[in-house]
Amino acid sequence: MPAKVLIVDDAMFMRAMIRDILVNSGRYEVAGEAANGEEAVAQYRALKPDVVTMDIVMPQMDGIEACKEILKFDGKAKIVMCSALGQEALVIESIAAGARDFVVKPFSAEKVLKVIDTVAAG
Amino acid sequence: MDLAKYIDLYLNDGREHVGALRAGLSAKHLTEDTVNELFRHAHSIKGMAASMGFERTAALAHAMEDLFSLWRQGAKAAEPAIAACSRALDLMDAHMDAVAATGSEAAEDQVARDCAAALKREAGASAQGQPGGRTASAPSPAPSSGRETGGRGAGEGAPSPPSTPLATIYVSIDPTSALPAARLLIVSQFLEKAFGACAMEPPLRDIQSRNLKRAKFLVPWRDGAKGKVRLLRDLPEVREVVLETKPAGASASASDNLAAHVRITAKELDAFLSNAAGLLHHLNFLEAGLSREERRRHRFWLERHRAMLGQLFGQVLTARLVPFSLVTERLARLVRDLSERTGKVLRFDVIGADEEVDRALLERLADPLSHLLRNAADHGIESASERVAAGKPEEGLLSLEIRRDGEALLISVSDDGRGLDAEAIGKAAVERGLISAAEAARLPRERMLELITLPAFSTRNSVSEISGRGVGMDVVRSAAEALGGGLEMDSSQGKGTRFTLVIPSAATLTQVLVFGWEGLPRFGIPTSQVRHIYPLSAYPLVWAGARRCLQDGETLIPVLGWRLGPVGKEGCGLAVAGPSGERVILASEVFESERVVIHPWGSPLGQIRHWVGGALLSNGEIAYVVDGRALCRDEEQHGGQEAGNVPDAG
């Protein structure tokens with residue numbers, strides 16, 4: 001059975017791109033999508049996905065906050081941060097907060113899958 | 001209380017104490033003095049760690065302190081006890097690394113528990129006057145395994161009980177990784193999960209600032225751990241994994257400790273830097289000597305070589321950078337002392353303490369800044385009753401602000417005290433014969449204030465009563481000027497004073513514009529000081545009264561008298577920012593700008609304020625670097641317009 005992924009990003013374009021990468025691999029199905037941190041937390045509680053891809057900079061609740069909230073609810077949540085170049089400090093903060101790994105935009109399908117495969121298996 | 005800002009200071013001092021302990025313990029003979037020193041260092045670490053809330057480090061230091069205390073009372077310093085101390089120091093190092101990387105200590109694991117137990121046991125053994133603690137199965141090397149017998153090889157001085165050895169894992173990540181520090185942090189977390197503990201080196205902060213793609217990880221080694229290391233190779237972006245395990249019992253070899261931290265003087269770093277720069281110059285020469293054909297043939301290696309030298313240069317440079325906060329801690333202590341001594345309530349605000357500056361520069365700034373703060377507290381800030389009468393809060397405010405403006409570093413010390421009395425300063429200057437009454441009447445306010453930085457003025461004690469400033473402002477000014485900068489001041493009576501040290505270059509590497517006059521050596525000026533370059537073919541020089549000016553549309557920019565060769569229509573005017581507006585330097589040749597290392601002149605050239613130093617250009621030539629700002633100021637003060645210069649050609 002393919003693993004379930006929740007995609008969190010405020011840009012529809014980025015969500016579509018990640019969705020395509022995941023679905024085309026045949027190893028994942030998209031359980032749901034969220035456009036901000038608050039939605040992400042609510043969706044996580046409802047869907048219990050295996051992996052979350054989490055954008056960092058989003059309106060309302062940002063990705064780091066959302067990551068912390070989700071981990072409060074489920075300490076074993078597997079969250080992969082999606083970062084832009086130059087956001088190293090934010091990524092480090094997320095990892096310190098409990099995110100499992102990260103991918104950097106612009107995405108390459110190969111790298112995204114490598115990271116998500118590792119996190120999903122770990 | 002926010003302890004985070006003390007972390008750097010804690011690590012700095014803490015590592016020094018750990019290093020001193022290590023050196024002391026490795027001495028051939030432990031004299032009484034050495035043991036006293038050991039005790040003091042352990043005691044210091046205990047106090048510092050406990051006040052930072054780092055209980056594990058504090059507990060280790062405490063156990064050591066107990067042991068040393070027994071040694072002081074005459075108990076023999078037995079080999080196993082020394083080995084246990086050595087392991088405790090390694091753990092302290094690992095804790096400090098973890099503090100540097102994450103802000104908290106490394107996890108408590110079996111290694112740490114074993115170590116603490118060993119220290120306690122050795123203390124017990126010392127108390128009985130025995131070199132105890134050795135397990136029955138261990139070979140018994142000599143009748144006495146006391147320190148004097150020497151020889152502390154692996155096996156012989158095997159610590160007991162057999163503890164978990166440490167393994168070193170070197171991990172390199174993909175050089176194209178976008179966020180290498182975050183990637184190495186993931187690796188570190190993976191290892192911590194797999195092995196229970198993991199210390200990363202260098203600390204995360206350094207990896208981040210130096211953009212490193214490789215780190216060393218220390219983990220406790222257990223059976224079956226090899227498989228876990230194999231898993232490491234499957235992590236994203238992990239390129240290379242090299243594992244180094246040591247024979248059990250030799251977990252803390254001296255060489256390992258040396259590798260972890262090496263102390264080096266700023267002078268040695270300077271030598272590295274100048275050698276690296278020298279190598280770049282040599283490469284230029286070598287390349288220039290090659291024929292085009294040869295150059296093409298060796299292009300790959302030439303480029304690799306240049307890239308690596310550039311990298312080396314950058315690494316040495318960043319190794320010299322330290323946060324300004326290293327000195328602000330000391331200044332905060334000074335203000336506390338001043339507050340006590342003067343009986344005035346003082347608040348000290350620091351803005352921009354995170355700004356990173358060259359260590360050597362920081363060291364040279366500490367004194368002038370202390371001087372300014374001392375003056376502000378002594379003379380600037382009024383007594384509590386005066387302040388209340390003037391409608392100010394009782395608490396006097398001293399603030400230190402560090403900010404960057406392009407290449408320049410601006411450091412201000414301000415107070416909200418009584419301010420400078422320009423009129424009184426002028427009067428005093430006339431009395432002392434420094435200026436005439438007529439000059440005093442003409443002098444603008446800000447120039448009047450500058451008078452207090454003249455040595456002849458500020459050595460008089462009475463100044464402090466008149467101007468609110470004590471002795472030594474000339475010292476502050478010359479310190480700033482020795483760094484190629486200057487001192488600016490701004491004061492409003494009754495409201496306060498602000499002194500700003502303007503350092504044209506905050507790092508050893510400065511971007512300079514290279515210019516000159518035909519047939520003469522080249523000159524450089526920090527590009528941060530150059531506002532505009534005017535080709536003289538398009539911008540005319542005109543006379544405005546007795547002043548020669550460059551005309552840019554409606555604007556007339558006065559020309560500086562400083563000119564060492566003839567300048568014709570093909571020359572350029574460099575507009576330089578001076579303390580009272582722009583001035584133009586006329587040069588016959590302007591070349592590219594380059595990043596250079598400025599070597600300050602020694603005396604007597606160093607005493608000429610507008611000469612900053614010399615620099616090696618990438619073509620191997622020497623450039624004389626001038627401070628445009630000082631040049632403008634000097635000419636304004638001496639009014640030397642076009643005196644003694646070479647006449648223009650044509």
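A salt bridge here is a side-chain nitrogen of Lys or Arg within 4 Å of a carboxyl oxygen of Asp or Glu. With that cut-off, the whole structure holds 27 salt bridges over all chains. The model is predicted, so to speak of a local feature takes pLDDT of at least 70 and a side-chain atom pair counts only at pLDDT 80 or more, while totals for chains, interfaces and linings use all residues. Residues are numbered from 1 along each chain as its sequence is written, chains are lettered from A and ligands numbered from 1 in the order in which they are written, and side-chain values use heavy atoms, with hydrogens and water left out.

Let's start with chain A. Its secondary structure comes to 5 helices and 5 strands (DSSP runs numbered from the N terminus: H or I over at least four residues for helices, E over at least two for strands). Along the sequence they follow the pattern β-α-β-α-β-α-β-α-β-α. Of the 122 residues in chain A, 48% count as buried (buried is under 20% relative accessible area, exposed over 50%, partly exposed in between, with a 1.4 Å probe and protein chains only). Take the contacts in chain A with a separation of 6 or more, and 62% of them come from residues 24 or more positions apart (contact means heavy atoms within 4.5 Å).

Now for where the chains meet. The contact draws 19 residues from chain A and 17 residues from chain B. Together the two chains bury about 1400 Å², 64% of it on carbon and sulfur atoms; buried area is the accessible area (1.4 Å probe) that two parts lose on being put together, summed over both. On the chain A side, A:Glu88, A:Ile92 and A:Phe102 lose the most area to chain B, together 39% of what that side buries. There is 1 salt bridge between the chains: A:Asp101 pairs with B:Arg183, their closest N and O atoms being 2.8 Å apart.

On to the strands of chain B. Strand β3 (residues 214–220) has 6 of its 7 residues buried, so it is largely enclosed by the rest of the structure. It runs antiparallel to strand β1 (residues 166–173), with 7 bridges joining them, and antiparallel to strand β2 (residues 199–201), with 3 bridges (strands pair if DSSP finds at least two bridges between them). B:Lys216 in β3 is the bridge partner of B:Tyr170, and B:Glu201 stands opposite B:Lys216 too.

Helix α14 of chain B (residues 359–380) is worth a look as well. It bends by about 30° at B:Ala366, and B:Pro368 follows within four residues; the bend is the angle between axes fitted to the seven residues ending there and the seven starting there. Further along, B:Asp378 forms a salt bridge with B:Arg341, closest N and O atoms 3.7 Å apart. B:Asp378 lies in α14 and B:Arg341 in helix α13 (residues 325–342) of chain B, so the pair ties together parts that are 37 residues apart in sequence. B:Asp378 is partly exposed at 29% relative accessible area, whereas B:Arg341 is exposed at 55%.

Last stop, B:Ser414, which sits in strand β9 (residues 408–415) of chain B. At 11% relative accessibility it counts as buried. Among the residues B:Ser414 touches, not counting those up to four places away in sequence, are B:Leu397 and B:Arg498. The side chain of B:Arg498 meets that of B:Glu401 in a salt bridge (3.8 Å, N to O).
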